[in-house]
Amino acid sequence: MGLPEDVADLIAEIERAGFLCYAVGGCVRDLLRGVEPTDFDLCTSALPQQLLPLFPENTVIPSGIAHGTVTVLWRQKSCEITTFRSDGTYLDSRHPQSVTFVPTLGQDLARRDFTVNAMALHPEKGLIDPYGGKADLKNGVLRCVGVPQKRFAEDALRILRGIRFCAALSLVPQAQTRDALFSEKERLGAVSAERCAAELCKTLCAPAGIAILSEYLPIFRVRYPQMEAPAAWKGQPSLACALALCFPHGLPPHAALPLPKRLLRKAEALCAIHAAVFRGEADAAQLCYRFGEETVKEALAPCTSPAAQTTLHALFSLLCPSRAQLALSARELLAMGLRGAEIGQALQAAYLAVNRGLVKNTPSSLRDFCQKH
Ligand code: ATP
Ligand code: MG
């Protein structure tokens, strides 16, 4: 397991100036798992103001200077470099009152949440793993660095992060860590809605994300009382579909789940499709007309319930599932003298009639059909 050459070169560049520097956190964990890291975070003994002069002015951004983070553009990639720090006392399970820069890597690793995230890697010194993260990763164990209750009391978001890492990395919490996930759960009430929503989404997108919801449902319900553990689903639903499955009675309000409006609207549509199918109120043609073929497939393909699968089968045998393929347009109906709401009604009636085999999908038969109705 080694660091890519460009990352090793960046570390060497910082060390040439007399500082210590390591790759740290998620990238080390991913390299140990044999997964290519999406980004490389570095940590260093250099203070931000000592880092800035090491790079050309237009390649370094003081992105999070208060927390000791600068972003460096290095060989077409951006890399976050954070000064070794320990987090000060936490007032509110939310954010540290202060961060303190510290001289050693050991102090920096001690502030990190889980053993699998508290490892550092150096091109020459190799792996630095004071909490046994490598063994925990191999054995599939989620374990807090330090006393779990205390760590979750400091920052309750770690509870949701822990569950997310279980889902993403197939980890099982060690006994004390598991107890604390539950015993400290009420503290999640103090965490910002944005941070919680981001973790929920990452969990739902993880391979075992939906499967483990039922196990941790009481924890999620501290933030999302409406949440249910999806029962009959398969594969990896889209994020919008996973949200619809978790909130079958409707999504939480935007203030409680501040996600992009587009995503929420999509999830609401998928929710409405699920509800209509389970109540037996709409058929495949009606759903496709209202929501569009692709959206109906997105909603129903991951559902294993007989009602959903029957509707999906019916969708695949529709003669004209796409509204765009209907051989009749609003403009033609306008030319035929129809006005306002009549046009929409006629288009819908024509679409449903074609898909029920009552009329051929040709311009002349559809014009005849509309004249008669
Ligand atoms: P990924 O980027 O794949 O989601 P990651 O482990 O890199 O996972 P980040 O949120 O990018 O997660 O954080 C980088 C590192 O910072 C983590 O590996 C961990 O060591 C530390 N960290 C992040 N958030 C916290 C936190 N709330 N409490 C303690 N340490 C944290
Ligand atoms: Mg990361």
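Reader: Hi! In what sense do strand E1 and strand E2 pair, and over how many bridges?

Author: Strand E1 (residues 21–24) and strand E2 (residues 41–44) pair in the antiparallel sense, over 4 bridges. Strands here are DSSP runs of E with at least two residues, helices are runs of H or I with at least four, and both are numbered from the N terminus. Two strands pair if DSSP finds at least two bridges between them. This is a predicted model, where local features need pLDDT of at least 70, side-chain atom pairs count only at pLDDT 80 or more, and totals for chains, interfaces and linings use all residues. Residues are numbered from 1 along each chain as its sequence is written, chains are lettered from A and ligands numbered from 1 in the order in which they are written, and side-chain values use heavy atoms, leaving out hydrogens and water.

Reader: New topic: how do the axes of H7 and H9 cross?

Author: The axes of H7 (residues 157–169) and H9 (residues 193–205) cross at roughly 10° and come within 9 Å. Axes are lines fitted to C-alpha atoms, for helices over the stretch in contact (heavy atoms within 4.5 Å), and angles run from 0 to 180 degrees between N-to-C directions. So H7 is roughly parallel to H9, as angles under 35 degrees count as roughly parallel.

Reader: Which residues of H7 make the contact?

Author: Leu157, Leu160, Arg161, Arg164 and Ala167 do.

Conventions:
Parallel < 35°, antiparallel > 145°, perpendicular 65-115°, else oblique.
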